[in-house]
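Please walk me through this structure. I am new to it and would like a short report with headings.

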Amino acid sequence: MKLVYFDYCAFSILIVLIVTMLLRKMTRGYSNQIFIFLMAVFSVAVTMDIWAVTLDNMGAGNLLYKYISHTLYLITRYCTTPVYIVYLISLTDNWHRIHVERTILILGFPLMFVVFLLLGNAFTKFMFYFDGKDAYTRGTGFILLYVLSAFYLLYGLIYLLRYRKLYRKRQWISVLLIFPLSVIAVVVQFFIPKALLEMFSSVICLMFITAMVQRPEDTVDTDTGLRKSSAYGEDMHRCFQTGKPAEVIEVNIVNYDSLRDMLGYDGIHSLIAKVAHTLEEIDRLCQTRADLYHLGDGAFRLVVNRRHFDHTLDCANLINSELKQRIRLGQTEANLSVCVCVTRCPNEIADMDSLMVFEHDINASAYTGDVLYASELYRKDYYDVMKDIDRIIERALSSHRFAVYYQPIYSVNEKKFRSAEALLRLNDEKYGFISPEIFIPAAEKSGAIHRIGRYVLEEVCAFISSSIYKELQLEYIEINLSVAQCMEKNLFRDVLDILHRYQVQPEQINLEVTETAAAISQNTMMNNLKKLTEAGIQFSLDDFGTGYSNMHRIASLPLQIVKLDKSFAVTEGNPKMRIVLENTIRMIKAMHMKIVVEGIETETLVKQFSALECEYIQGYYYSRPLPRDEFIRFLQEYPAAG
Ligand code: C2E
Ligand code: MG
Ligand code: MG
């Protein structure tokens, strides 16, 4: 008498597992589909086992049914292992790396062989037969089933060990568990044939996998039903790890913040759900069969597999045109500004860090309304540098790869150079010259700006206190201060210390702050400005005209010079800009501040701004920023040349 109760339990568990998978909508994606298929095969196998064992327990007779049920049981039972291995592979999304035809052959051939033997078994009695009392008895060939099972188990184990890194730790342990448990169950069942543990133990493992691996809460965004941000990170990371080609369609709602403010909590949720639904529809229509992700804050991603690359561009264009139409939400209507970009991985972007930085920057690129292409936007050097910038800055600080250059500033009234701006240069051993527009913001984020700032100030002070400097007859050197520096508590003390150490007078330097810094009315910043002004240091307002100047605020700050940004130098053919320029200059002068015009490259502009009575001119027309020695030579030779 065999104990059929284990199989009853296994069957009940399987039904519960299948129903919960379906109810949790875990039906998208290959690995989910294969897992459901695996449970279906298990269900058939368990059913056949129950039928066969029940017939066996009934004693003699029913020979035909016994043959059918045992044959079907063994066939389905031996199907489960190769299907499980396919599931293991699908979890790693590694099909492009393994030889698919060869894998199918390795997994399929032994199975076909077993099926062939089992189908012919009624005549050969090679695998099993029924004795004189119609009792089920194993044949000489039965051992083959164990050998083949062992082969499959070994194959699965080797795969799991080889690609261990492609699984999350929890995943890996869960899928591995089935191997030792199956072996234990087979051994127990071998010695105690009436305890039908094989199926039961496998189903327990499936239950474990359902709880630990097939977890929608790990991957599915509840608002949209799409996969969520962490899943996108993991999936793309795995793509880069395995070199799997993928095309990503980035869809960002550019005006998300204002839409959220306008629509409120419920409104923005239904808008996002609607956009998600539209993307699913378009994906279906274009047959891209992409994995869809919602990253939050109005950002969506579609990741297309190689087989469907032909449809990517159609899909991106359709998304771009569909999402631009007004979207109705109950009583209100929303107008979306969407930015759609296509990125080919790994051809255009080959690692996760670059992808993150690139995707972060997409919204900042000029909004054209057309689909963007990473091939046009992505400047590899720039992203390589950005990825590495902290290390580059550290390296530059420790191995002296920073240098301070000087750009002369011409005094229109005195007709000679009376000051200069100190501009930092970074010449990295790997990437060459890197623009301060890149490394200064990065240094602000990492905090390295304070050390960099001190370095620039010391270099400038060392220059000012040198004997050659006196011969140059410069009044002062302008030094840029970044926002982060202005907000540092000890800034004024640091600056005054350095001046003191190099015996430099406060009026020999001039600190440039940007409009952004000037707009911050924070205590520390105000205190720094006050203390430094009291000590006799003068301030310039840099890049005037690039930000949203709060004139009231600027008027209240102790500024002596305003530096008109380069953009003011292009007023030709634009009479309105000309009016803005003339009035801006008049206003600054009325506030008793002096003007430096930046970015002057032509003689015409020199004349134009001189006529407007701007006191100082700085730009390539006179000279680019020069290393200290060249700058000295330039100033010494200029009168002769000019
Ligand atoms: P900025 O302070 O506005 O400096 C002027 C920028 O305009 C410099 O760029 C200069 O090389 C460039 N420039 C000068 N004349 C012309 C011209 O005729 N035509 C054009 N097209 N450009 C001209 P650079 O050196 O690349 O510096 C960029 C920015 O980086 C600076 O803008 C400043 O904000 C920041 N920066 C540079 N050095 C330092 C530093 O030591 N500390 C801090 N905090 N920021 C710095
Ligand atoms: Mg400046
Ligand atoms: Mg400037």
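The report below covers the ligand, the surface, the salt bridges and some backbone details.

## Basis of the report

This is a predicted model, in which local features need pLDDT of at least 70, side-chain atom pairs count only at pLDDT 80 or more, and totals for chains, interfaces and linings use all residues. Residues are numbered from 1 along each chain as its sequence is written, chains are lettered from A and ligands numbered from 1 in the order in which they are written, and side-chain values use heavy atoms, with hydrogens and water left out.

## The ligand and its shell

Ligand 1 is surrounded by 24 residues. A residue counts as near if one of its heavy atoms lies within 4 Å. The closest are Arg 425, Asp 542, Asp 543, Glu 601 and Tyr 620. By type, the shell holds 9 nonpolar, 6 polar and 9 charged residues. Here Ala, Val, Leu, Ile, Met, Phe, Trp, Tyr, Cys and Pro count as nonpolar, Asp, Glu, Lys and Arg as charged, and the others, Gly among them, as polar.

Which polar atoms lie by the ligand? Arg 425 has a polar side-chain atom 2.8 Å from an oxygen atom of ligand 1. A side-chain N or O atom of Gln 407 is 2.9 Å from a ligand nitrogen. Leu 424 uses its backbone: a polar atom there is 3.1 Å from a nitrogen atom of ligand 1. Taken alone, the ligand exposes 800 Å², and the protein buries 86% of that. Accessible areas come from the Shrake-Rupley method with a 1.4 Å probe; for residues, only the protein chains shown count as cover.

Strand 12 gives the largest share, 4 residues. Helices (H or I, at least four residues) and strands (E, at least two) are DSSP runs, numbered from the N terminus.

## A nonpolar surface patch

Trp 51, Leu 64, Tyr 65, Ile 68 and Leu 72 form a nonpolar patch on the surface. Together they have about 470 Å² of accessible area. Patch residues have over 30% relative accessible area and no salt bridge; like charges are joined within 9 Å, and nonpolar side chains (Val, Leu, Ile, Met, Phe, Trp, Tyr) within 5 Å.

Helix 3 (residues 63–92) supplies the largest share of the patch, 4 residues. Ile 68 sits in helix 3. Its relative accessibility is 34%, so Ile 68 counts as partly exposed. Buried means under 20% relative accessible area, exposed over 50%, and partly exposed in between (1.4 Å probe, protein chains only).

## Salt bridges

Side chains of opposite charge can pair when their charged atoms come close. How many salt bridges does a search of the whole structure find? The count is 27. Each is a side-chain nitrogen of Lys or Arg within 4 Å of a carboxyl oxygen of Asp or Glu.

Arg 344 and Glu 247 form one of them, at 3.1 Å from N to O. This pair links distant parts of the chain: Arg 344 is in strand 9 (residues 338–345) and Glu 247 in strand 4 (residues 246–253), 97 residues apart. Arg 344 is partly exposed at 25%, while Glu 247 is buried at 6%.

Glu 475 and Arg 418 meet at 3.0 Å, N to O. Glu 475 lies in the loop between helix 19 (467–472) and strand 14 (476–480) and Arg 418 in strand 12, so the pair ties together parts 57 residues apart in sequence. Glu 475 is partly exposed at 32%; Arg 418 is buried at 17%.

Glu 598 and Lys 563 pair at 3.9 Å, N to O. Both are buried. Salt bridges that share partners join Glu 421, Glu 478, Glu 512, Lys 563 and Glu 598 into one network.

## Backbone details

The peptide bond from Cys 345 to Pro 346 is cis, with omega near 0°. Pro 346 lies in the loop between strand 9 and helix 14 (352–362).

Asp 543 is not a glycine, yet has a positive phi of about 50°. Asp 543 lies in strand 16 and is partly exposed at 24%. Glu 613 also has a positive phi, near 65°. Glu 613 lies in the loop between helix 26 and strand 19 (616–618). At 55% relative accessibility, Glu 613 counts as exposed.

How values were computed:
Polar contact = N/O pair within 3.5 Å; in protein donor to acceptor, adjacent residues only side chain to side chain.
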